[in-house]
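Please walk through this chain with the model open beside the text.

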Amino acid sequence: AKTALADVQKCKEHGIKTHLQANNTRTNYAGHVRRGREWLESHFKTPSCSAVSETWRGDTSENSLVLLPATAKIHADNDVYEDPAFKYAFESIPNRCSDKALALFMSLKGFHENLSKTTVESIRSAFKKLWELSDGDTYRGKWHFNEAKQRWEGNPAESADIYDVLSSIKHKASAEGGDRTHSMAMTKDYMDRAFQWHQAVCPLEIALQMIQKVMSGAQPSDMHLDLEMRTKLTRHLEQVTFASNGWTLWTRCFELVKLQRKDISLDTTILDGVLAVYLANETLTLSKCTSYFEIFLAHRKGWQKKVDKGQWEADLRSNHYKIYPRPDMPACDNFFWMLVWIKWLESFHYGRTLQPNDFIFPAMSANGVVHPGQPISHDTVQKWINESTAGAGIRGNFSTHCFRRGGAQYWFMFAPVGQRWTLAKVRWWGGWADGEQRDTLVRYLLDELHAYETDYSDALAPISRGADASLAGEHALARPASTEELRMVHASVTADVNSLRNDMRSLTSVVAQAACTTVIALQRLNSGPCFTNVSECASRTPTPPVGDVCARVEQPVLPRPVVSHTLPTTEPSIRTSSQKLCTTLPISITRASSTQKLPTPGLVIPRVPVSRSNGTTSPKHNSWKEIVEHWLVGDRDRGLTTPLKDWPKHWYQGANRRFASKYHQRATIALEFINQYESNEARFLAAYPEAEQGHTQLLKAVNNARAARGDRISRNK
């Protein structure tokens with residue numbers, strides 16, 4: 001019976017540890033606690049301090065509540081940092097020094113290391129949660145000394161000293177402008193400009209033509225795509241897809257990078273038909289416009305709060321988002337880019353369909369190999385944002401939060417009249433619970449709206465926005481145009497038409513002269529009769545129709561149909577259904593001899609330490625075990641479906657030679673463990689203590705040992 005109760009107790013503790021907080025929160029809190037303990041331990045390295053501390057710890061180990069003598073209050077007034085209990089202030093059971101130690105650690109991070117107030121608040125929350133879960137209700141509430149029981153109770157993170165430090169750090173951040181350094185919103189105009197930059201530096205239409213051919217039955221291997229072009233197309237397609245997802249779903253960076261294939265519900269038999277219409281630049285019918293797929297944001301922040309408030313029924317559908325086609329918003333069309341991106345990964349990288357645990361936004365190595373089991377990092381996303389905004393000439397401070405801000409503000413304030421969302425819809429779509437995070441909503445929406453409506457910087461404009469007369473200046477879009485405004489429009493249109501006529505005359509003259517020169521050259525080559533003057537040549541040379549001339553002018557290529565009545569005039573022109581995609585790839589792609597052939601689709605050697613689904617990585621000291629596992633068993637969750645020991649030579653030679661170095665490194669470590677030490681872990685670790693430092697140091701040690709045995713011959717350099 002006692003054994004059964006003990007098992008139930010362990011089950012309870014495991015359940016609380018696993019489900020009380022989100023994985024990301026739990027991981028962050030554990031990191032703060034670990035760093036705090038390492039910092040505290042670093043101050044007690046001398047033997048004398050250790051001896052005193054161990055003596056003190058032994059004297060108090062029998063009573064986890066740390067009973068204190070009557071002189072405890074007098075001692076607290078002395079230098080608490082000399083107290084033997086100070087070394088153990090960050091243990092699971094707090095002691096009389098815990099609040100002082102935490103205040104000192106927070107001060108170090110906030111004032112000396114100049115970390116943000118958000119980080120310092122997170123440190124406090126981490127230790128608060130650690131102590132709350134230590135002993136029922138004992139360490140909850142205000143931190144105080146219980147005279148009757150002669151012990152400290154409450155939570156050290158709730159002490160007055162902690163609140164003073166926290167307030168000081170907040171005041172410091174405000175005085176230094178910390179509150180004004182938040183990310184700017186990625187507006188729809190910025191999204192469009194960034195998208196145009198992607199089109200200018202990377203031929204995205206090539207990828208779309210290839211996908212269209214694959215959907216028509218062609219084989220990816222017939223496309224003659226080299227590694228350099230594939231890597232470039234992959235990088236830009238992933239950026240565009242990530243941006244459209246973040247802007248549409250209002251996700252935080254950590255929520256989106258963890259998105260996996262199992263989180264997306266889509267019917268390829270239906271949606272492939274919609275994608276085919278997109279790629280053919282045909283207009284979507286009503287039935288196709290109502291097609292959708294569903295995304296589940298399993299890592300959406302704050303979902304536990306809804307459960308805590310008893311919103312069980314609402315939680316059944318929260319974090320589920322139906323994504324519909326938006327051909328009128330090319331840069332923000334999450335529906336289109338997600339389908340294109342999945343097709344691209346499956347056809348031109350993996351050679352298979354995505355598996356449930358494959359990340360939608362996988363990391364890509366410098367050699368162009370995509371790792372399906374490893375998500376992109378936060379730093380990579382920030383680098384993308386910096387690159388695209390700089391390339392598009394967009395100034396400002398943009399963090400990974402810019403898409404969430406931009407999407408929320410657009411649908412609440414700046415969408416076309418009749419399409420703007422209510423505050424309730426904004427709250428639901430952004431994942432904010434009812435009645436909470438009002439400050440966040442105000443910061444995202446109402447403060448921005450107030451700034452917009454009280455902005456009189458355009459007071460001298462010929463046509464006023466009138467932003468203060470209605471919600472986001474909506475009346476300026478709905479009211480009738482005045483006579484003065486119509487006169488200005490008429491004058492502008494007349495000037496544009498006259499300019500266009502002059503341009504067409506000049507263009508016609510240039511074409512005629514070019515045609516004349518060509519005809520004269522051909523006639524001389526054929527020794528036939530030639531025209532006596534340019535005017536005669538022009539009179540006999542048919543002038544191409546205006547439509548043909550315009551058709552030859554290169555237009556921006558945007559891969560989607562157009563909804564003419566909703567397309568803003570500021571959007572770049574989009575090909576209509578009469579302008580089909582090319583049936584062949586550009587000559588530079590199909591005919592050029594590839595200097596770097598593509599590797600076999602689906603080949604990957606996972607990185608170590610391996611990345612976990614919660615965003616963390618495994619400890620370095622386990623890397624050698626993971627290498628042995630990859631050698632003997634493989635790792636299906638990270639794309640290694642065939643164990644490395646079973647790889648044929650052509651998988652790491654020839655076109656796949658980029659895997660050779662990593663393959664031989666893994667083989668060296670795995671075979672040393674298996675053959676030389678007969679898979680005996682104790683003997684292996686005794687011979688190679690470098691394994692604790694990670695696989696890189698271990699590889700150096702193994703190579704040195706092999707060289708000493710004569711098993712390895714060093715190359716002459």
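Helix axes are here lines fitted to C-alpha atoms over the stretch in contact, and the angles between them run from 0 to 180 degrees between N-to-C directions. The model is a predicted one: local features need pLDDT of at least 70, side-chain atom pairs count only at pLDDT 80 or more, and totals for chains, interfaces and linings use all residues. Residues are numbered from 1 along each chain as its sequence is written, and side-chain values use heavy atoms, with hydrogens and water left out.

The secondary structure of the chain comprises 29 helices and seven strands. Both kinds of element are DSSP runs numbered from the N terminus, helices being H or I with at least four residues and strands E with at least two. Of the 717 residues, 42% count as buried; buried stands for under 20% relative accessible area, exposed for over 50% and partly exposed for the range in between, with a 1.4 Å probe and protein chains only. Among the contacts with a separation of 6 or more, 68% come from residues 24 or more positions apart, a contact being heavy atoms within 4.5 Å.

Helix H9 (residues 204-215) packs with H10 at an angle of about 90°, and their axes are 10 Å apart. H9 and H10 are therefore roughly perpendicular to each other. That class covers 65 to 115 degrees, while under 35 is roughly parallel, over 145 roughly antiparallel and the rest oblique. Leu204, Ile206 and Ala207 of H9 make the contact with Leu233, His236, Leu237 and Val240 of H10. These residues divide into six nonpolar, one polar and no charged. In this scheme Ala, Val, Leu, Ile, Met, Phe, Trp, Tyr, Cys and Pro are nonpolar, Asp, Glu, Lys and Arg are charged, and the others, Gly among them, are polar.

H10 also meets helix H18 (residues 402-414): their axes come within 7 Å and cross at roughly 50°. That angle makes H10 oblique to H18. The contact is formed by Ala243, Gly246 and Trp247 of H10 with Phe403, Arg404, Gly406, Gly407, Tyr410 and Trp411 of H18. By class, the contact has five nonpolar, three polar and one charged residues.

Leaving aside residues up to four places away in sequence, Thr241 touches Trp337, Met338, Trp341 and Phe361.

Next comes the sheet. Three strands form an open sheet in the order S3-S4-S5, with antiparallel pairing. Its edge strands, S3 (264-265) and S5 (320-323), each pair on one side only. Two strands pair if DSSP finds at least two bridges between them. Two bridges join S3 to S4, and four join S4 to S5. Glu294 of S4 stands opposite Ser265 and also opposite Lys322 in S5. Ile295 stands opposite Tyr321 in S5.

The loop between strand S4 (293-296) and helix H14 (303-308) holds His299. His299 counts as partly exposed because its relative accessibility is 23%. His299 and Phe254 are 45 residues apart in sequence, and their C-alpha atoms are 7.9 Å apart in space.

Some backbone details remain. Most residues other than glycine have a negative phi, and most peptide bonds are trans. The peptide bond from Val608 to Pro609 is cis, with omega near -5°; Pro609 lies in the loop between helix H25 (587-590) and H26.

Helix H26 (residues 623-632) is mostly covered, with seven of its 10 residues buried. The buried residues are Ser623, Trp624, Glu626, Ile627, Val628, His630 and Trp631. They pack against helices H27 (660-676), H28 (681-687) and H29 (695-709). Gly634, which follows H26, has a positive phi near 100°.

Two further positive values occur in residues other than glycine: phi is near 50° for Glu678 and near 60° for Ser679. Glu678 is found in the loop between H27 and H28, and Ser679 lies in the loop between H27 and H28 as well. Glu678 counts as exposed because its relative accessibility is 62%, whereas Ser679, at 41%, counts as partly exposed.
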